[in-house]
Structures are given as structure tokens and as C-alpha cells.
Amino acid sequence: MFDTIAAISTGGMTNDPISIIRLSGADAFGVAKKIFNGKIGNDKSITYGFIKDNKEVVDEVLVAWFKAPNTFTGENIVEINAHGGIVNTNRILQLLLANGARLAERGEFSRRAFLNGKMDLIKAEAIHDLIFAKTKEQADLSVKKFDGETSNLIEKLKKKILNIIATIETNIDYPEYDDVENLTNKKLLPRLNNVNSDLEEILTSSKKSKYIYEGVKVAIVGKPNAGKSSLLNAFLNEEKAIVTEIPGTTRDVVEGSIQIGQVLLNFKDTAGIHTTNDKIEQLGIQKSLEKINEADLIIHVIDGSKKESKDDFLIEQSSKIKPYIKVYNKSDLKQRDGISINAKNKEISNLTKEIKNIFKDIDLNNEKIINNTRQLSLIDSAKININEAITGLKEGMLPDTVIIDIQKAWEDLGNILGRAEATDLLDEMFKNFCLGK
Ligand SMILES: Nc1nc2c(ncn2[C@@H]2O[C@H](COP(=O)(O)OP(=O)(O)OP(=O)(O)O)[C@@H](O)[C@H]2O)c(=O)[nH]1
Ligand SMILES: [Mg+2]
């Protein structure tokens, strides 16, 4: 049982017409009663009365009463609906503190809800994200986490992994037990691959959804004179970057943003990439390569009127890890198969179509979207651990060796929800395998 905490739940910084002061804890009703002259209500009811400081009337209020355990925190909760204003609200809070409550720490109500099993961390973080949402889309996505769909998805995945772990452990501990499938190296591999693709799917949809909020970093790269700056200007519909027929015109990174489809594209036009002795150009090229590293999407511009060279091959190779679009520019001089554009005349619809296509399947209703950095990094870590196990198996390691990595992945997922209890494992073993009889 925790002590009774109190805090002002409304703004508290302005002259709000109404303020809510909230109490949670075993003694919440008792503390409230000491300063309230109305009746203690039944569960989920509201009563009317006055807040008093000894004999002195402080405010006329409505008080809402919620009895444990079916409350937000799982504890008794009292909410005093007082008249707003910093002075009045703080005075009531001080009275509660003087009568047995402790000032709540930041997020302590939610933390109690979590500790009392009222919600998992996904929901706790969704509440936080909703409160701090800057756009309507962010708020919508946070609220969608309230229904627990994402939590269920992680739970299901956890179960899948746990089942694998339990089977391997049973194989080790009870080799003579025939009822349990013997997970050989060969049988384990497809099951891990399956978990891996589940994790991959979450990561892919989540990454894409991120683009809606944060925009896509696009690097426009290619050889000197290919038409990169002309392309940037065509996208922006303004002459932002200098265009000349002299190769090596762009020496620093030029930026600009536009929205295509539902995503915001943040372009970076870069210096042409090739081998040169010019010091300033070399520095520019260095920056271009860095931009490839930082980008979410790479647009590789090739002068379609010329043959592709070794430099183009190099650019393509260094872009491989990212979403990558190869475009042939100067279609007025030569039409090429693939995506062909004329940047100079701003005829780039083939390219914008392709960009739309890449981001078309971002569906914010997808429960597989996770937009919380902590949660995403745990999914990432789970995937790394599962891949570690897969690599081990492929190298001929036995299931009882790679089980360590599988356990780590399971713990990662457990940490997303915030309940990684070792007892889960024992429960699963006995429930599914009836060994303990
Ligand atoms: N014919 C034709 N010329 C083009 C086209 N796009 C760009 N150019 C010309 O190609 C030359 C180079 O264009 P830029 O946009 O400066 O090329 P860049 O890739 O930015 O070049 P660097 O900054 O030097 O790396 C200019 O003379 C442009 O007018 C096109 O679609 N057709
Ligand atoms: Mg340029």
C-alpha cells in the first residue's frame, strides 16, 4: 500500500474558472474529509459542500469519490472540483498536505496506475504523449494506444517467444518427456525467422509513421552537373540553388522542404560526387557522403544523356542501405528506361509519383505503429537478439546455446510493457506442459 498523494491536476498556473485537486491513496477519503464538510460519497459519485480551514470557509466545491480498486490508479481517489485561481487552488492543496497527504511527484498518479497493474507502460506513455502532442496526428495516434491493441500485439509476440524458450528448456531439463516437441536446430530456425519478420514489420511501419511527424530527410546526390540543383529548384518551384553549366557549382548543402502526399520532404541538395583535387570541392563531396548517411531517402540523379560511370556505381553502392531512387535527368536530350525527368523544365512528375508510392502505405490506424522512442529501441534490440540467435543456429550452434539471445529478446519485449517477471516463464512451462504434477 502506498501513502496518500495530492496534486493540482488542472493547469494551476492561470486563473482557470475551475481547478481539480486530486488525491490518491488508501487514506484519500479520510484526508479529504478532514477539510470538507459535505458527505463522503459512494463509489463514483459527487457530493457538494465547503472546504474549510478550521472554521473558516475556503471554497464551495463539488467532490468526486472513487473507491479502489476500479479507479485510474487502482487506489481510492478523490477529486475536488474547486473554483480556479492560483491562490485558492494552492490553498486547498496546502490544506490537504497539512492533513496527511504528500505532494505527488511528476507522473506519480500514472506510475501508481502502472504499479497497481491498471495499465502497462505503452498506455502510460500514450497518456504522456497525448498531453504533449503538438499535432492532431500525434494526439490521434496516442489515443489509439489506449485501447490496448499495441499492447496485445507485443503480448502475442512475447508469448510466441516464450513458447520457444519453454520448449527448449523442457528439451534440456526433461529429454525423456515425449509429449513435448524436440526443437532441433532445423525446426527452431523457421520459428525464429517468423518472430524476426514480425519485429521487422513493426519497425517498418513505425519508421514510416515517423515521417508524418518529423518529415523525411532526402539527400539529392549524383555526379557534378547531373542536375541535382535544378531538381531541387523544380521541387521547390523557385530558383533556390545556383544552377550553372559548370560542374562543381554546388559546394555546400542547399536545403528546402515541400509536402508530397502526406509526408513532408526535407531536401538537401549536395555537391556532385567524383574524384577531384580541388580542396573546396573535396570538402563538399565529403558533406554529400555524410548526407547519404543521415538521409531517410536518397535520390540519385544521373545525367541521362551520358553513360553511367564508376562514380555512379559508387554512389549507388553507398546508398544501398537506404530507400533509394535512381532518376535519369535531361530526358529532353535522351529518354531512358526507368524514372526519367527533365529538371530544367520542372517536368518531374515521374519522380513525385515514385515518392508518393514509397510513402503511400502509411496507415496511422495500424496497431503496429509505435512512435515512442523507448519502445522502438526495445523492438530494435529484440530484433538484434533474435538475429544473433538465428546467426548462431546457422553456424551450427545448438538451441540450448542460442536460448540466451532468445531470452534477451523476450526481456526486451517485456520491458516495453514494463512487466518482465521471471515467474511468467514458470507459469508457461507448467501450464502448457503439465510437468509439475
Ligand atoms: N538539357 C537539360 N539540361 C539540364 C537539365 N537539368 C539541368 N540541366 C543543366 O545541367 C547543368 C547542371 O545543372 P545543375 O542543376 O547545376 O547540376 P548539379 O548536379 O547541381 O551540378 P553540381 O552542383 O555542379 O554538382 C545546367 O546547365 C543545367 O541547366 C535537363 O533536364 N535538361
Ligand atoms: Mg548543384
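Two residues are in contact if their C-beta atoms, placed from the backbone, lie within 7 Å. The model is a predicted one, in which local features need pLDDT of at least 70 and side-chain atom pairs count only at pLDDT 80 or more, while totals for chains, interfaces and linings use all residues. Residues are numbered from 1 along each chain as its sequence is written, and chains are lettered from A and ligands numbered from 1 in the order in which they are written.

**Domains**
- The domain assignment (automatic or from a database) gives domain 1 (5-113), domain 2 (149-207 + 372-433) and domain 3 (213-358).
- The centres of domain 1 and domain 3, taken over C-alpha atoms, are separated by 60 Å.

**Val78**
- Val78 is part of strand 5 (residues 77-83); strands (E, at least two residues) and helices (H or I, at least four) are DSSP runs, numbered from the N terminus.
- Val78 counts as buried because it has 26 C-beta neighbours inside 10 Å, where buried requires 20 or more other C-beta atoms within 10 Å, exposed 12 or fewer, and partly exposed lies in between, with C-beta atoms placed from the backbone.
- Apart from neighbours within four places in sequence, Val78 is in contact with Leu23, Ala28, Phe29, Ala32, Val63 and Trp65.
- From C-alpha to C-alpha, Val78 and Ile165 lie 45 Å apart in space and 87 residues apart in sequence.

**Helix 6 and helix 13**
- Residues of helix 6 that meet helix 13 include Ile154, Ile161 and Ile165.
- Among the residues of helix 13 in this contact are Ile403, Trp410 and Leu413.
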